[in-house]
Amino acid sequence: MTTQPRLFSGMQPSASSLHIGNYIGALVQWRDMQKTHDAIFCVVDLHALTVPQEPERLREQIRRTAAQYITAGIDPTESTLFVQSHVPAHAELAWVLNTITGFGEASRMTQFKDKASRQGADAASLGLFAYPTLMAADILLYGTNHVPVGDDQKQHVELTRDLANRFNSRFGDTLVVPEPVILKEGARIYDLQNPEVKMSKSAANQNGVVFLLDEPSRTAKKIKSAVTDTGREVRFDRGEKPGVSNLLTILSSFGGQSVAELETAYEGRGYGDLKKDVADAVVSVFEPIRSRALALLEDPTELDRILADSADRAGVIAETTLAAVYDRIGLLPRTRR
């Protein structure tokens, strides 16, 4: 039995390809953390249902997301990598947590308030409202110690901690109270065409988003067309030079040099040199990942087998937790004579 702390994290299959922000901000750090943790990674497809989906496209996106996890460095022999809906205990524990979550408490979740204000109250689904309790179930099912998240998800982990403590207080120690691990701030990547906003798969202008599965020539073209700033000096300044700062962050993440070292290296050089070097660095990393992912997707049977095997392993842990929860709250166990 492993003595490493357990880690849980996941991403939605909300596009046909992950982007450079997902890679730097999550996958690279997950890849490193799987060496120090008993790591469980999930394609959180139930969360994707909080917005309308086209069924066949969703199925394809689930596989493509899983393939990119694997080829970007998540090793299914070292970590557990599965699809959320393949373990029914996620939805079952979420219902129990719904019953101990206050309406006002759920209403205060900033992501729901932001999305509901954009979509309108009538368009915001009950699933979107209950998203944080499903996320809490994802985490609590596995006795998770550490949850790597960005700042925008920290509130959800705090709710998870509150629910675990509330359940334990009412029914006895059952659920492990997790700790958030905030992913490195330097990993935040901004849109290439609008460097004032975080890079997003749903951006209206896709030219500002570098997708992991883009053709290498398209990746290079997007980076070389990135919006920069007035002047020629290559230096990091998020306030005055957001475009150049974004490119420096990307190059630092892919090339291994610090931003300060890059500023020195580009003294007397212009934005064109910087963009070319960023494009070359990203393509050199993404091209083999893309090739392996597309090859894996050509054999969905093998990919599905990997995911099913991991779901079996995850299911054993999840069902044990769910059984303990059901017993604590007084549900009748199913028995056979």
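Author: Let us begin with the nonpolar core, a set of buried Ala, Val, Leu, Ile, Met, Phe, Trp, Tyr and Cys residues joined through side-chain atoms within 4.5 Å. Here the largest such core has 61 residues, and Ile20, Tyr23 and Tyr69 have the most contacts inside it. Helix α13 gives the most to this core, with twelve residues. A second, separate core of 40 residues includes Met109, Phe112, Ala137 and Phe167. This is a predicted model, in which local features need pLDDT of at least 70 and side-chain atom pairs count only at pLDDT 80 or more, while totals for chains, interfaces and linings use all residues. Residues are numbered from 1 along each chain as its sequence is written, and side-chain values use heavy atoms, with hydrogens and water left out.

Reader: With which residues is isoleucine 20 in contact, leaving aside its neighbours within four places in sequence?

Author: Contact means heavy atoms within 4.5 Å. On that basis, isoleucine 20 is in contact with Ile189, Met199, Val210, Ile250, Phe254, Val282 and Phe286, leaving aside neighbours within four places in sequence.

Reader: How do the axes of helix α1 and helix α11 cross?

Author: Helices (H or I, at least four residues) and strands (E, at least two) are DSSP runs, numbered from the N terminus. Axes are lines fitted to C-alpha atoms, for helices over the stretch in contact, and angles run from 0 to 180 degrees between N-to-C directions. The axes of α1 (residues 20-33) and α11 (residues 242-255) come within 11 Å and cross at roughly 55 degrees. That angle makes α1 oblique to α11; angles under 35 degrees count as roughly parallel, over 145 as roughly antiparallel, 65 to 115 as roughly perpendicular and the rest as oblique. In this contact Ile20, Tyr23 and Ile24 of α1 meet Ile250, Ser253 and Phe254 of α11. By class, the residues comprise five nonpolar, one polar and no charged, where Ala, Val, Leu, Ile, Met, Phe, Trp, Tyr, Cys and Pro count as nonpolar, Asp, Glu, Lys and Arg as charged, and the others, Gly among them, as polar.

Reader: At what angle do helix α10 and helix α13 cross?

Author: The axes of α10 (residues 216-224) and α13 (residues 271-297) cross at roughly 155 degrees and come within 9 Å. α10 is therefore roughly antiparallel to α13. Among the residues that meet are Pro216, Ala220 and Ile223 in α10, and Val278, Val282 and Arg290 in α13. The residues of this contact divide into seven nonpolar, one polar and five charged.

Reader: Is histidine 47 buried or exposed?

Author: Buried means under 20% relative accessible area, exposed over 50%, and partly exposed in between (1.4 Å probe, protein chains only). Histidine 47, in helix α2 (residues 45-48), counts as buried at 2% relative accessibility. Its contacts, leaving aside neighbours within four places in sequence, are Gln12, Gln84, Tyr131, Leu134, Met135 and Asp138.

Reader: What is the relative accessible area of arginine 328?

Author: Arginine 328, in helix α14 (residues 300-329), is partly exposed, with a relative accessible area of 40%. The C-alpha atoms of arginine 328 and phenylalanine 167 are separated by 9.4 Å, although these residues are 161 residues apart along the chain. Leaving aside neighbours within four places in sequence, arginine 328 is in contact with Phe167, Phe171, Gly172, Asp173 and Thr174.
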